[in-house]
Amino acid sequence: MLIVQKELNTMNLDVRITDAVIILTRSVNQDADFDSCGYKDNCFQLAFYFCLNCSLLVCRILSNVGSSIVIDLTYTLWTDGYRLIQEKGIAYLRLERILRPFLEMFGDFMRQKRANNVAMIFSNQRDMAEAVQQMTEGFPFRTLLMDASQDKNFAERLQSLRPSPNYVAMFARGSAMNGLFEQVQKAGLFRRPTEWHFVFLDTRDRVFKYKRQAEFATRFTLNPRAICRAMQMRDLYCGSGFTLQRALLLDILRGLIGAVQISPSYPEPIYMDCNTSAEVNDRQDANAQDSAEWLEYVHWSNFITYATPLGYSFDDDSLKYEDGDNANTMQSLSFAINISAGYYSSEHEAKTDLARLSSVGEILLLNETISPARRFFRIGTAESIPWSYYRRNKQTGELILDRRGSPIWEGYCIDFIARLAEKLNFDYDIVEPQIGHMGQRNEQGEWDGVVGDLVSGQTDFAIAALKMYSEREEVVDFLPPYYEQTGISIVIRKPVRRTSLFKFMTVLRVEVWLSILAALVGTALMIWFMDKYSPYSSRNNREAYPYACREFTLRESFWFALTSFTPQGGGEAPKAVSGRMLVAAYWLFVVLMLATFTANLAAFLTVERMQTPVQSLEQLARQSRINYTVVHESDTHQYFINMKFAEDTLYRMWKELALNASKDFHKFRIWDYPIKEQYGHILLAINSSMPVRNAREGFTKVNNHENADYAFIHDSAEIKYEITRNCNLSEVGEVFAEQPYAVAVQQGSHLGDELSYAILELQKDRFFEQLKAKYWNQSNVQNCPLSEDQEGITLESLGGVFIATLFGLVLAMITLGGEIIYYKKRRKQLQTSLPITQVKPLDEPERDEQSNPRRAWHVPLPKSKPPAKITPPPSFEAATSKGKKLSKKITLGDAKFKPRHGLQSRRELGAPSGMGYIE
């Protein structure tokens with residue numbers, strides 16, 4: 001008020017103003033004395049109790065200085081004071097709350113955006129009090145009011161608020177807006193700019209220094225030049241230090257002063273004696289009439305207007321608001337301004353303005369529509385491969401973070417969420433439960449995990465590997481399944497068969513190979529011995545075998561015994577009967593050993609490839625070689641716990657029924673219990689193997705056991721996914737305990753129908769089949785190396801055969817080199833040690849074909865006959881030229897007759913041949 005008086009004094013209006021200020025304080029004490037009417041910051045509470053003894057203060061002022069007019073600046077109507085002023089006939093002006101135009105215009109803007117939940121943040125307690133008063137009059141949406149000056153942790157409170165508000169508005173002056181935004185940004189709340197609104201309560205919006213960070217956020221600003229023109233003031237007045245409350249009070253006083261200067265009759269001050277009910281001034285009635293007429297001469301500027309009247313009714317000293325015509329309505333003065341609504345952007349303001357809102361209740365849309373911000377949901381999920389999991393470095397396994405330092409989610413459910421967000425047009429945050437996994441209920445009936453967050457309101461709906469259990473359906477609603485059937489399966493490592501280059505040698509044991517070697521050596525020695533000492537061998541019976549025969553030396557005997565194992569055979573056999581009997585027995589031995597080796601080799605390789613550790617859960621429970629486990633406190637673990645409980649319960653019921661049978665007890669005499677107790681054994685084996693913490697640890701343990709002596713019982717969908725990524729794993733047995741996966745929402749949630757319809761449409765579009773083909777890609781399995789049962793016998797198994805062949809080749813080459821060296825060395829030694837004597841060869845007599853004819857070994861010699869006389873043929877010259885002289889070009893031979901040796905009949909084999917030719 002002092003600042004306004006100074007401003008009026010600078011205008012030289014030639015009017016003296018005497019004022020008295022009464023400060024009203026809300027208090028919960030109904031019997032407060034006169035001193036309680038002083039203003040105290042800590043006296044504000046939400047209970048609307050008014051100071052009752054403040055009328056004594058009014059009485060004292062009226063008795064001392066009097067009053068011509070009362071200007072009411074209170075947030076709510078002071079009923080006692082207003083009645084007193086009406087009774088005394090004093091002129092009364094009420095100023096509307098400063099924040100009411102802003103709050104009403106913001107409410108209209110939110111109505112255009114179809115807002116449901118709105119949080120409003122104020123920079124001081126006075127603005128907070130005005131907002132509380134406005135909230136009692138009603139907002140078209142659910143509202144949360146927060147005082148940043150009293151609550152320093154308002155950002156954390158806003159972040160933990162569930163459900164999250166759709167929109168957030170900050171009401172502050174230009175200088176205070178920077179501090180509010182810094183706290184919001186420090187808490188990490190400013191992530192969706194379209195949900196945030198900056199409402200500037202003065203003309204200094206340009207001092208806001210975070211325009212670039214607040215891009216696309218909505219701003220509500222005032223035009224200082226338009227305000228100063230409406231007030232008929234210089235533009236400098238609406239700059240630094242300008243407040244709407246001061247400007248409104250200044251313009252009202254200027255209007256009253258102007259009315260005083262032009263008014264024909266100005267009402268005189270009214271005085272009042274506090275001790276009596278009579279007035280000091282005898283002309284009270286006349287002045288009251290003059291006060292009412294005098295206000296009609298007041299001319300307000302364009303900056304001042306009458307606010308929308310509120311209805312007040314007085315009943316038993318209590319204030320009630322009414323909108324009907326029966327209420328005692330009164331008009332309040334307010335400021336007439338236009339608030340520009342736009343969004344922060346690097347473009348020109350003409351392109352970013354959305355609407356212009358007037359304080360008189362009009363809204364001018366600069367765009368055709370004000371589109372609501374995209375809805376925001378908190379979606380619950382938990383890490384479960386391949387449904388939803390963190391992206392990790394393939395080499396190190398470390399988490400990969402985004403720009404905000406948060407882990408990056410991916411998986412089947414994450415793609416599903418992204419498609420839903422695109423289809424239904426909403427933004428989302430993925431929320432992982434702080435306690436638990438999918439959701440278990442404790443002894444107190446409280447839920448943890450994804451289900452617990454959904455029940456407590458931490459999330460709006462959940463999309464995860466969430467199975468539809470009956471106990472879960474008691475606290476949440478499930479939508480149509482997005483993955484029809486999944487269950488529990490068993491994964492085990494493919495056994496690593498030990499490969500050896502001489503694997504074919506392992507068909508027979510060492511003692512068998514040594515026996516074969518001994519038989520070979522013994523047979524070779526016996527063949528040599530029999531061929532040497534048998535009188536009927538080719539060596540000892542030359543007359544019976546005049547042709548060249550195989551001589552079975554010790555070397556030839558070993559070679560014969562060794563080559564008898566080959567299909568080529570050993571070659572020429574011994575001539576003696578004893579030797580042939582030995583060879584026949586040896587050949588029988590060779591045939592049997594070869595057949596035995598071939599059959600055992602085929603069976604050995606076939607049976608080895610057909611070996612599988614287990615084929616079902618029953619087989620796994622009956623054996624003891626393979627250990628197996630589950631994830632601790634997972635759905636699979638709980639399944640076996642429940643099944644064991646069912647077995648124990650059935651056994652106890654059967655036992656009680658059998659022991660307590662009063663009649664027909666012979667029907668209960670059975671040798672075997674009708675229900676298998678396998679789940680108790682399975683759970684005992686699981687606990688002895690220690691359940692793993694997560695699925696990744698379980699798959700790692702299975703992969704490390706190369707002998708296929710460790711199994712992991714887990715969700716079948718996750719096992720199938722891991723098999724497509726790890727060629728060493730294989731799924732055994734059939735899937736059991738099948739149940740579907742579905743989306744869960746809060747009970748009675750309005751999102752249920754919308755999400756259900758979207759899921760059905762995605763099923764029709766075969767979207768889930770595309771996701772299944774993406775994450776369970778069978779082409780990855782085709783890239784795995786083929787196993788022996790698929791590609792046949794590998795080179796690693798029979799490489800020893802080739803090594804033996806190469807070894808023989810190398811040994812043969814070495815032997816050849818040794819032979820050449822030995823031959824050259826021996827020849828050289830013979831040349832140097834023995835003298836060489838040249839002799840004249842004797843004339844060899846011509847071979848008489850008749851005396852030494854060539855005969856076959858199997859044809860007996862004919863009896864000797866006297867040689868027949870053979871007439872020699874004529875000479876060659878006589879037979880050809882017949883005495884004529886030959887030409888020089890013709891060359892004659894030596895004219896010797898040479899017999900032609902060819903095939904002869906057996907009958908004339910011993911007779912000399914008469915065929916021949918002459919050279």
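What follows is a short chat about a predicted model.

Visitor: Is V510 buried or exposed?
Guide: V510 has its place in helix α14. Its relative accessible area is 59%, and the cut-off for exposed is over 50%. So V510 counts as exposed.

Visitor: OK, over to R126. What is its relative accessible area, and what class does that give?
Guide: R126 has its place in helix α5, residues 125–137. The relative accessible area of R126 is 38%. Buried needs under 20% and exposed needs over 50%, with partly exposed in between. That makes R126 partly exposed.

Visitor: Which residues is R126 in contact with, leaving aside neighbours within four places in sequence?
Guide: Contact here takes heavy atoms within 4.5 Å. With those sequence neighbours set aside, R126 is in contact with Y75, R173 and Q245.

Visitor: And how far apart in space are R126 and L99?
Guide: Along the sequence, R126 and L99 are 27 residues apart. Going C-alpha to C-alpha, the distance in space is 9.7 Å.

Visitor: Now the rings. How are the planes of F102 and F335 arranged?
Guide: There are 52 aromatic pairs by the ring-centre rule. In the pair of F102 and F335, the centres are 6.2 Å apart and the planes are at 55 degrees. Under 30 degrees would be stacked and over 60 edge-to-face, so this pair is tilted.

Visitor: How many residues apart are those two, F102 and F335?
Guide: The pair links distant parts of the chain. F102 is in helix α4 (residues 100–112) and F335 is in strand β12 (residues 333–335). The separation is 233 residues.

Visitor: Are F102 and F335 buried or exposed?
Guide: F102 has a relative accessible area of 3%, and F335 has 1%. The limit for buried is under 20%. So F102 is buried, and F335 also counts as buried.

Visitor: What about the pair of Y545 and Y547?
Guide: Their ring centres are 6.4 Å apart. The planes are at 90 degrees, and over 60 is the cut-off. So the pair is edge-to-face.

Visitor: Last one: which ring does the charged end of R219 sit over?
Guide: Elsewhere, R192 lies over the face of F376, at 3.3 Å from the ring centre. For R219, the charged end is 5.9 Å from the ring centre, and the limit is within 6 Å. The ring belongs to Y344.

Technical notes:
Residues are numbered from 1 along each chain as its sequence is written. This is a predicted model: local features need pLDDT of at least 70, side-chain atom pairs count only at pLDDT 80 or more; totals for chains, interfaces and linings use all residues. Side-chain values use heavy atoms; hydrogens and water are left out. Helices (H or I, at least four residues) and strands (E, at least two) are DSSP runs, numbered from the N terminus. Buried means under 20% relative accessible area, exposed over 50%, partly exposed in between (1.4 Å probe, protein chains only). Rings of Phe, Tyr and Trp (its six-membered ring) pair if their centres lie within 6.5 Å; planes under 30 degrees apart count as stacked, over 60 as edge-to-face and the rest as tilted. A charge sits over a ring if NZ of Lys or CZ of Arg is within 6 Å of the ring centre and within 35 degrees of the ring normal.
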